[in-house]
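Work through the exercises below with the sequence and the coordinates open. Each task is followed by a solution in steps.

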Amino acid sequence: MNFKANPMKQDEAKVRALEILDGFLEQNKHRKTSERYAILDAVAAMRDNFTLEELGRKLMNDLRFPVSRGTLYNTLNLFVKLRIVMRHRILNVTSYEFCRNEGRSIKMVCSTCGKVSLMKSQVIDNTIDTLHMKRFKCDSYALYLYGICSTCQAKMTRTKKKDN
């Protein structure tokens with residue numbers, strides 16, 4: 001089951017991200033550069049996990065705003081620090097995700113093809129909310145479920161039938 005963020009939540013998440021970024025930049029007396037805000041716009045527009053290269057292409061092709069790889073990398077590191085973006089390392093690939101759901105992320109990762117699907121579970125959210133963790137307050141999480149997607153399962157079944 002793929003989860004797509006609804007537009008209202010996405011707008012709220014982008015406003016929240018802008019507030020976090022503005023607050024950090026002002027408090028630490030950093031410049032509010034057009035590059036940071038263009039990257040935030042592009043990140044918020046991404047529907048799924050994305051790589052550094054995919055983000056660079058989006059900025060170049062869709063927004064006509066070329067940004068150096070170093071600027072992308074440094075800005076994404078800042079966004080990870082501010083928890084605007086989550087960094088994932090799945091099957092030896094680093095990808096990023098815009099935090100739309102208040103830092104709650106459940107991923108289903110196919111061990112065969114590498115496809116990553118998002119899942120939403122109120123039961124898991126509620127369970128984590130009610131956990132009593134000693135000397136720790138959880139404010140976000142990422143849960144990874146590894147297995148085989150339905151497409152790869154179907155291919156494996158067809159291959160088995162051919163072999164028999």
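Where is the place of N49? N49 sits in the loop between α2 and α3 (52-61); helices (H or I, at least four residues) and strands (E, at least two) are DSSP runs, numbered from the N terminus. The model is predicted, so local features need pLDDT of at least 70 and side-chain atom pairs count only at pLDDT 80 or more, while totals for chains, interfaces and linings use all residues. Residues are numbered from 1 along each chain as its sequence is written, and side-chain values use heavy atoms, with hydrogens and water left out.

**Exercise 1. Describe the surroundings of N49.**

Step 1. Check accessibility. N49 has 19% relative accessibility and therefore counts as buried (under 20% relative accessible area; exposed is over 50%, partly exposed in between; 1.4 Å probe, protein chains only).

Step 2. List the contacts (heavy atoms within 4.5 Å). Not counting residues up to four places away in sequence, N49 touches E54, H88, I90, S95, Y96, E97, K107 and V116.

Step 3. Look for polar contacts (a pair of N or O atoms within 3.5 Å; within protein, one must be able to donate a hydrogen and the other to accept it, and residues adjacent in sequence count only if both atoms are side-chain atoms). The N49 side chain has one with the side chain of S95, at 3.4 Å, and another with the side chain of K107, at 3.3 Å.

**Exercise 2. Examine S95, a partner of N49.**

Step 1. S95 belongs to strand β2 and is buried, with a relative accessible area of 9%.

Step 2. Collect its contacts. Apart from neighbours within four places in sequence, S95 meets N49, F50, M86, R87 and H88.

Step 3. Compare sequence with space. S95 and T51 are separated by 44 residues in sequence, yet their C-alpha atoms are 4.6 Å apart.

**Exercise 3. Determine which side of α3 is buried.**

Step 1. Pick out the buried residues of α3: L52, L55, K58 and L59.

Step 2. Find their arc, taken from the directions from the helix axis to the C-beta atoms. These residues cover an arc of only 125 degrees around the axis, so they lie on the same side of α3.

Step 3. Identify the cover. The buried residues of α3 are covered by elements including α2, α4 and β2 (93-98).
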